[in-house]
Amino acid sequence: MRVLFVDAGNYCRSPVAEIVARTLAARAGATGWTFSSAGLKDKHAGDSADPRSIAACAARGYDLTAFRCREITPADFAAQDLILAMDRDNAAQLEARRPAGSAVPVRLFLGEREVPDPYYGGDDGFDDMLAMIERAMDGLLARVEAGIDFTGRTCAYKSSFFRSATFTL
């Protein structure tokens, strides 16, 4: 399963989602996963993630120091099995950029809710964003491991590693 997380600049939310996904999947022994992230703008291309994202991740045991921002490309639509947008505007922009013939599902990462962009706020916004992403990853991993499709059905899941969660894509 190849999953791409997308936000505006690949600077705050999507890098955190990528590293959390990679780390939690590895800890759970989940195999066959590839996680990546991209932004809708090239403003931060080649830069590291926002220092506040790096700090929030480090405080929770995630290493985001090697990450580099990048802009989404048309090839990403062919290379992914699922594209998860952080907010509705991101999802709309992804649909507008979708190449002809692409059928990859584009969904909001939190189902009906958005991951708030902490960029213009304080450090606590980054901690809150990270906590939201950690909770959502439980549901995402459960859905894919259970072979559930991405048409909007809800999956309730409980495992010894992850917290209980209900998640809808």
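Tutor: Two strands pair if DSSP finds at least two bridges between them. Strands (E, at least two residues) and helices (H or I, at least four) are DSSP runs, numbered from the N terminus. This is a predicted model, where local features need pLDDT of at least 70, side-chain atom pairs count only at pLDDT 80 or more, and totals for chains, interfaces and linings use all residues. Residues are numbered from 1 along each chain as its sequence is written, and side-chain values use heavy atoms, without hydrogens and water.

Student: How many bridges join S3 to strand S4?

Tutor: Three, between parallel strands, with S4 covering residues 106-108. In S4, Leu108 stands opposite Ala85. S3 also pairs with strand S1 (residues 2-7), in the parallel sense and over four bridges. There, Val3 has Leu82 of S3 as its bridge partner.

Student: Which way do the residues of strand S3 point?

Tutor: Leu82 and Leu84 point one way from S3 (residues 82-85), while Ile83 and Ala85 point the other way.

Student: Is Phe5 buried or exposed?

Tutor: Phe5 belongs to strand S1 and is buried, because its relative accessible area is 0%.

Student: Where is Asp127 found?

Tutor: In helix H5, residues 123-145. Asp127 counts as partly exposed because its relative accessible area is 37%.

Conventions
Buried < 20%, exposed > 50% of the residue type's maximum accessible area, 1.4 Å probe, protein only.
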